[in-house]
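Okay, thanks everyone, I'll keep this short. Let me put the structure up, and then we'll walk through a sheet and a pair of helices.

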Amino acid sequence: MTMRWKMLAAAALLSVGAMTAMPLAVQAQELKIGVSTEPSALDPHYHNLGPNNQMAFTIFDTLILQDETQKLVPGLAESWKALNDTTWEFKLRKGVKFHDGSPFTAADVVFSMARPAKVPNSPSPFTLFTRSFSEVKVIDDFTIQFITKAPAPLLPTDVSRVAIMSSKAAKADVAEGMTTEALSKGEGLIGTGPYKFVEWTRGNRIVLAANPDYWGGKPKWERVIYRPMSNDAARVAALLAGDVDMIENPPPADLKKLRENPNVKISQAVSNRLIYIHLDSFSTPTTVGIPDADGKNPLKDVRVRKALSMAINRDAITSRIMEGLGQPTGDLLPYPMFGTRKDAKPEAYNPDAAKKLLAEAGYPNGFSITLGTPNNRYINDAEVAQAVASQWTRIGVKTKVEASTATVFFKNRDSFTYSAYLAGWGAGTGEMSDPLRSLIATPIKEKGFGGTNKGRYSNPQMDAVLEQALGTVDAPKREALLQQASKMALDDQALIPLHIEVTPWATRKGLSYKARADQYTFANGVSRD
């Protein structure tokens, strides 16, 4: 954060009348949103990442939508039901048009469900959501059946994460149709969603226009501009100056004054986003970033992983650094989301016990380690990493923080550059199998497992319980299996959960936002009071 932006934000916050008091009637047709992170691409099947999905689900629809609490509601499918253990039937919505005027039919579903497996170099692939079925069978233009390899009770939830593209507009001479690069230029970027793509100037703005033929009713805004503003103070200053109508992730340090400003309205909700630390429990004999452990990888020892967890004062981090925008956690999702455990408690802060565990593991003098982190992706991410580094150093694990922009961080993470890294995961399905499949399951591409398990943790026993859960139709039994799987993983310190983010939004006077557990900032969720 530059001194210039700090001064601008401070001046704006001190002045209650700083926000431009432009009548809403003048701006009623245009909405400007300051977002904290820019998408990495506009291809809706390229990267299962929050900023990408936020834009994808504005331009495209899915067969089943999720409301602000992640409850499933009809989308491009009006209804769905299981015909038997391995067949789900969906009745598609008739009369829906793509942005180019062409009709939506079953052929577009077939194309869209097959495409994720063909998209190359996906950092976090959508095959996580398409691996459960072997065929999408067309009964007629508005009836399809998903044929699954085994009982797949989560299929409706899974397909709620896969954007439906126009098979005609996205057709091209490569396996996936339009490439990620072409789609990010707007070529073939045709959906059925409430807003149509107009332009993307990287680092400056994404412009969308209302889809007048939207099946869900007239969009609330004729024109929407998403402005990427990674600098916290810059977003606050832009809101208070009237340059934008809404911002996401106002910084915790400014929330008190923003709440007191009569020209600002704050909305917030407990999110589905876990902030965690992944450790390299795979590399042998050594791991990158730990130069002084006698030629060993100490992170392979569960006692070391537990010691690192016990050394973290989660209460101090959430109260002082997050300023209330985080809930300490010992689970992968906030209770009572499906599959969570009511008795899952955050690891107790106990640096003395942590030192003893390190000594038992053969590291009485600790070791050195580098902790990777983004510095503009999650709420106060770099500050949280610095706090963890300080607490680890106190038990003898001398920690250096390597902070970088989200783009650089994810590239490094995916190249296994870090022996330890801080990151976040938002459970798009709102239930426990999502983080288990992505973050903890043994990476097996054919199963869609472990796509974001960059610590390469592996526990075949946990994998077996997870697979059993994914094939269990009975909901109480499936939840019990998911609870068992998560407990197995966390008892083994598969990763270190820190906290669940509480997500705020700030709007100008006269506007309000329906806060969402999935943290998405959707233009159609912004209403005039």
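So, start with the open sheet: four strands, in the order β4-β5-β7-β6, paired antiparallel. Keep in mind that this is a predicted model. Now, which strands stand at the edges? Those are β4, residues 77-84, and β6, and each has a single partner strand, so one side of each is left without a neighbour in the sheet. From one strand to the next, the twist averages 20°.

Let's go along the pairings. β6 covers residues 133-140 and β7 covers 143-148; the two run antiparallel, with six bridges joining them. Getting from β6 to β7 takes a hairpin of two residues. If you want a spot to look at, Val 136 has Phe 146 in β7 as its bridge partner.

On to β5, residues 87-92, which is joined to β7 by five bridges, again antiparallel. Here you can pick out Phe 90, whose bridge partner in β7 is Ile 144.

α4, residues 106-114, lies across β5, β6 and β7, and it runs at about 170° to β6.

Okay, over to the helix pair. α14 is residues 433-440 and α16 is residues 475-491; their axes come within 10 Å and cross at roughly 35°. The crossing of α14 past α16 is left-handed. What makes the contact? From α14 you've got Ser 433, Leu 436 and Ile 440, and from α16 Leu 482, Ala 485, Ser 486 and Ala 489. By class, that contact has five nonpolar residues, two polar ones and no charged ones.

That's my tour, happy to take questions.

Notes. Residues numbered from 1 in each chain as written. Predicted model: local features only at pLDDT ≥ 70, side-chain atom pairs only at ≥ 80, totals over all residues. Heavy atoms only, no water. Axes fitted to C-alpha atoms, helices over the stretch in contact; angles between N-to-C directions. Left-handed = near helix turned anticlockwise from the far one by under 90°. Contact = heavy atoms within 4.5 Å. Nonpolar A, V, L, I, M, F, W, Y, C, P; charged D, E, K, R; others polar. Pairing = 2+ DSSP bridges.
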